[in-house]
Amino acid sequence: MYLRGCRGTSDFSLAHCGGFATLTPARRVSIASVADDSDITWTVVGTDRFGNAQTETFTGATAGTAVASTQDFLTVTSITGSAATSGNVTAGTTDTASTPW
């Protein structure tokens with residue numbers, strides 16, 4: 001599932017690129033890069049599966065790979081990079097989601 005992709009911007013934000021996402025069920029957010037963006041940190045803001053606010057920051061991916069959050073997000077209100085990207089990036093989700101059990 002793709003959330004939204006932007007290219008070459010330090011304001012990589014869902015609000016800037018087209019909105020806000022609700023993921024059912026809550027799942028991990030992934031960011032894939034076509035170039036080496038391992039010097040960028042990404043901050044994902046949203047809510048967990050219970051509706052509690054959460055934020056996670058993680059290091060960007062190397063060329064041709066993806067990185068993912070370790071927390072599950074029910075909603076994503078923004079994804080922001082710490083610097084301009086080196087190429088196209090795409091935000092999406094992984095197939096991994098936690099359960100309440």
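Modeller: Two strands pair if DSSP finds at least two bridges between them. The model discussed here is predicted.

Colleague: In which sense do strand β2 and β5 pair, parallel or antiparallel?

Modeller: Strand β2 covers residues 21–33, and β5 covers residues 65–81. Over eight bridges, the sense in which β2 and β5 pair is antiparallel.

Colleague: How many bridges join β3 and β5?

Modeller: Strand β3 spans residues 41–47. Val45 stands opposite Ser78 in β5. The pairing of β3 with β5 is antiparallel, and the number of its bridges is six.

Colleague: Is Asp72 buried or exposed?

Modeller: Asp72 lies in strand β5. A residue counts as buried when its relative accessible area is under 20%. The value for Asp72 is 8%, so Asp72 is buried.

Colleague: With which side chain does that of Asp72 make a polar contact?

Modeller: Leaving aside residues up to four places away in sequence, Asp72 touches several residues, including Ala26, Arg28, Thr47 and Thr96. A polar contact of 3.1 Å joins the side chain of Asp72 to that of Arg28.

Colleague: What distance separates the C-alpha atoms of Gly46 and Val76?

Modeller: Gly46 is in strand β3 and is buried at 8% relative accessibility. Among the residues that Gly46 touches, not counting those up to four places away in sequence, are Phe73, Thr75 and Val76. Although Gly46 and Val76 are 30 residues apart along the chain, their C-alpha atoms are separated by 4.2 Å.

How values were computed: Residues numbered from 1 in each chain as written. Predicted model: local features only at pLDDT ≥ 70, side-chain atom pairs only at ≥ 80, totals over all residues. Heavy atoms only, no water. Helix = DSSP H or I, 4+ residues; strand = E, 2+ residues; numbered from the N terminus. Buried < 20%, exposed > 50% of the residue type's maximum accessible area, 1.4 Å probe, protein only. Polar contact = N/O pair within 3.5 Å; in protein donor to acceptor, adjacent residues only side chain to side chain. Contact = heavy atoms within 4.5 Å.
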